[in-house]
Amino acid sequence: MSPLESKSLEQQASELLHWALDPRTKPVQHEEYRRLVDRYIEDRDFRRVVDDFATGQKLDIVDVSSKGVALVPEPGSRFASKPGNYRRSGSADKRLLDGLALYGILATFYPRASDLEGPRDEAPRPVTVEEVDQNIRRLAEQWEERAREENRADPTVEELEQGLEEAWRVYHNRVETGKAETNGSSPRATRSYIEHAFEYLRQNGLIQRVGRSSPPRFQPTWALNAVIQTKGAARVYRATREAMSGSSGSGPSVASSPSS
Amino acid sequence: MLRVTKAAMGKSPQLDLTTDLPPEEGGLPEGDTMGSEGARNPPWDPDLAERLRVLLHARPLLALRHGDARRQDEQLQHYDSAALALKAIDLILSHTGLGREMDYERLLRHLTPLMEAMDQEADLPSDPGRHQKMYDRLLDSLRGADASRNPFEIEYTAVDDDGEGLTRRTMQMHLLREEYQDEGTVFRLSDEATTLYLRSLGQDISDAQVASEALIQHQLEDGRFGEAVRSARNARHQSARFYRKIDDLLQITRQDLRRVDWAESVPELLDSARRHARNRQAVESQIVESAEQHLTHLDPGGDDYEHVVEIRDLIRDCRKRHRRLYERVMDAPDVFLEEQARQAFRPRSSEPTPELGPEVLEPLLGMPKTDAIEATEQGAHAVLGPAPPTLPTLGNLLGWLLQPRQHQQRGTAELDDPDLVAIPDPPPRYPPAVRQTVRALLQDLQEPRPLSQVLEAVWSNPDHEPAVAEYLVQVCVADFAPDWNEEDDRSVRTLSSVIVRKRDGQRLDVGPFYGEDLLLIPESLVNEDNT
């Protein structure tokens, strides 16, 4: 009897979740992981136990294939990523730019709804930091143009202090790139936030660098593709809508967005 | 009088099930709705529209060629994009579903010699950076018509079924897509590009396998063994495609049952696949039997013998694939029933799929900063994947508390140049002369040959020291099951000139070496065969 088969169903289920919690690991690299994935796909009883374990841990198994196990932590799960995982500390502007960089990456990988409905195994085309920055900047410029057309006044000092300045202004006021006095890109530039987001996603097995060309190109891994297509995009959308409906200040509504 | 209307031929959201089906096995030619009178004297044969569509698929490739002279970067103007694109298509197609599929690095490696030849023609030195740049542009062009991944859109005119009206139609197509595989991302051709490529060679994709296997039998009877090898490789390619189609169907069923038409199309497809697999296995058994008979009359050391052995092995592989296809098809209804039971009560989202650009990123930019921060941080955890909390341990905590305080010195400090010392690599196990001999031996291979034959020649040649045979075996075995390089996330091959395959059921027994035999196929031959 092989070591795997000598283990109880519950132990095997928890081991599968253990592997799944690291998206960098692929079943093809580990015999035991591969066999557990095979069993999940073929054995209904085993699948039910694994699903129950995951539900108990507030984890949602959104896809399982020979390429891996894609998990989405439910809100409140101990496995959910926290802002501190992404960046140790940061001002409000930094947190905002981090969020915009991440959402900008997703919107560049999946520009249309049809890109989220395509075959799960089809990889989106690779993108560069520059493309993501241009994408966000283009939208920010549309907002700026609209504000100019409406003769909207600059935010007051009080509004700035209360964080009611519109997000596009923060992005727009930052340079794209630029060199600091030391070597390397300026950490204040928008592209450094996008680079940070790409690096975080890469370290977590959610994107991969394609080739060795310069500038570097990045492409989602199967795990990110599965997460976005199944739950990720819908949750991101819902969070945005909730924020819009409870918008605290002078921010424009959806109806007044520049492209509508 | 002719009337003109406009129509768009977008892709159906459901899986297209009929593209590759032989007409006699369930797939009706698109638009074949003419009555018997029309069929006798058709004003516009529907097949012409189909041929026109296939012909128009070449337009992106021709546009690539026209764009060569207009390319802004003068350093890239001498590259013939159409030739590079066709070579890329050929390489991708010939490796699809057969292992060692084309990924980014592998395709670049295979296209480099062609780009070097173009450099030479233009009296330019070879430049890997320039190759990379051209390669990326080529891929971008093949992926889609523009940066937003829209499909190519080509307008054409078709005559209506009644022969009285003209309709302007828009055909949408992709050429190249990337697909996740177990080991990474590989290139795949769209069905349209596959059709274009195979039909441009005069092959009918729908019954290509039937044709290939009939051809093999005919070529075997005629003693044209070299040609029969190429037909056998084509047949294997077709069987791999059919298997993949069914596999994709079941995978999509497991993901979302609603995306597949299990009411009509799928049962028809499965029925035709079952008949196809059963019929092919019978024909393939005959070919294997015929090949075995030829082997009894051929000289075991000769080229013809090796060709027939390869044909037999390829067709055995086809038969194995068809057996698996048959099993898969027989299991498919169970998969459907199981998924129906599993997915029946799964809650469906009532929200439409969002457009992440206009419906998420754009309104986010228009929000007050505090709201935008809240929205991004609320939504981010759903896309950032799981982040297992770090477990604290008493030992680590004590170590952290007891570590000496680090004093930060402010100001500037001069850095000394690093004192680098070159350390020589450890001496290799096999001297350069031995390695060079083995590489030369393998590079000289013109035809696929079993390792046992090559090894026998080396072992029995007194000019070669035993280390040559030992190294030969080691590199072949290493390439048959290459190591995995964690850093590059890809397998490491030792040899660049040959592809190593298993010879099923054949034994190697030469000198001190014993085990299962391998087949060494010159890589150049694999590429040539696919053009």
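**Figure 1. Confidence along chain B of the predicted model.** Chain B of this predicted model has a mean pLDDT of 76, with 79% of its residues at 70 or more. Among the elements of chain B, the lowest mean pLDDT, 41, belongs to strand 1 (residues 3-9) of chain B, and the highest, 92, to helix 12 (residues 356-366) of chain B. In residues 1-39 of chain B the pLDDT is below 50, and this stretch has 75 contacts in the model beyond near neighbours in sequence. The pLDDT is also below 50 over residues 200-206 of chain B, a stretch with 15 contacts beyond near neighbours in sequence. Where pLDDT is low, the predicted coordinates should not be read in detail.

Figure 2. For chain A the mean pLDDT is 84, and 91% of the residues reach 70 or more. Confidence in chain A is highest in strand 6 (residues 217-220) of chain A, at a mean of 94, and lowest in helix 8 (residues 157-161) of chain A, at 76. Residues 249-256 of chain A have a pLDDT below 50; the model gives this stretch 17 contacts beyond near neighbours in sequence. For the complex, the predictor gives an ipTM of 0.88 and a pTM of 0.64.

**Figure 3. The contact between chain A and chain B.** Chain A contributes 102 residues to the contact and chain B contributes 65 residues. About 7,500 Å² is buried between chain A and chain B, and carbon and sulfur atoms give 59% of this area. A:Tyr103, A:Arg125 and A:Tyr237 supply 9% of the area that chain A buries against chain B, more than any other three residues.

**Figure 4. Helix 11 of chain A against helix 13 of chain B.** The axes of helix 11 (residues 222-245) of chain A and helix 13 (residues 369-380) of chain B lie 8 Å apart, at an angle of about 155°. Angles over 145 degrees count as roughly antiparallel, and these two helices are therefore roughly antiparallel to each other. Their crossing is right-handed. From helix 11 of chain A, the residues A:Val236, A:Ala239, A:Thr240 and A:Ala243 meet B:Asp371, B:Ala375, B:Gln378 and B:Gly379 of helix 13 of chain B. The residues of this contact comprise four nonpolar, three polar and one charged.

**Figure 5. Helix 5 against helix 7 in chain A.** Helix 5 (residues 92-109) of chain A packs on helix 7 (residues 129-149) of chain A at an angle of about 100°, with the axes 9 Å apart. This angle makes the two helices roughly perpendicular. Helix 5 of chain A brings A:Leu100, A:Ala101, A:Gly104, A:Ile105, A:Ala107 and A:Thr108 to the contact, while helix 7 of chain A brings A:Glu131, A:Val132, A:Asn135 and A:Ile136. Six of these residues are nonpolar, three are polar and one is charged.

**Figure 6. Helix 16 against helix 17 in chain B.** Helix 16 (residues 451-460) and helix 17 (residues 466-480) of chain B cross at roughly 165°, and their axes come within 9 Å. With that angle, helix 16 of chain B is roughly antiparallel to helix 17 of chain B. The crossing is right-handed. On helix 16 of chain B the contact residues are B:Leu451, B:Val454, B:Leu455, B:Val458 and B:Trp459; on helix 17 of chain B they are B:Pro466, B:Val468, B:Ala469, B:Leu472, B:Val473 and B:Cys476. This contact has 11 nonpolar residues, no polar ones and no charged ones.

Notes: Residues numbered from 1 in each chain as written. Chains lettered and ligands numbered in written order. Predicted model: local features only at pLDDT ≥ 70, side-chain atom pairs only at ≥ 80, totals over all residues. Heavy atoms only, no water. pLDDT = per-residue confidence, 0-100. Helix = DSSP H or I, 4+ residues; strand = E, 2+ residues; numbered from the N terminus. Contact = heavy atoms within 4.5 Å. Axes fitted to C-alpha atoms, helices over the stretch in contact; angles between N-to-C directions. Parallel < 35°, antiparallel > 145°, perpendicular 65-115°, else oblique. Left-handed = near helix turned anticlockwise from the far one by under 90°. Nonpolar A, V, L, I, M, F, W, Y, C, P; charged D, E, K, R; others polar. Buried area = accessible area lost by both parts, 1.4 Å probe.
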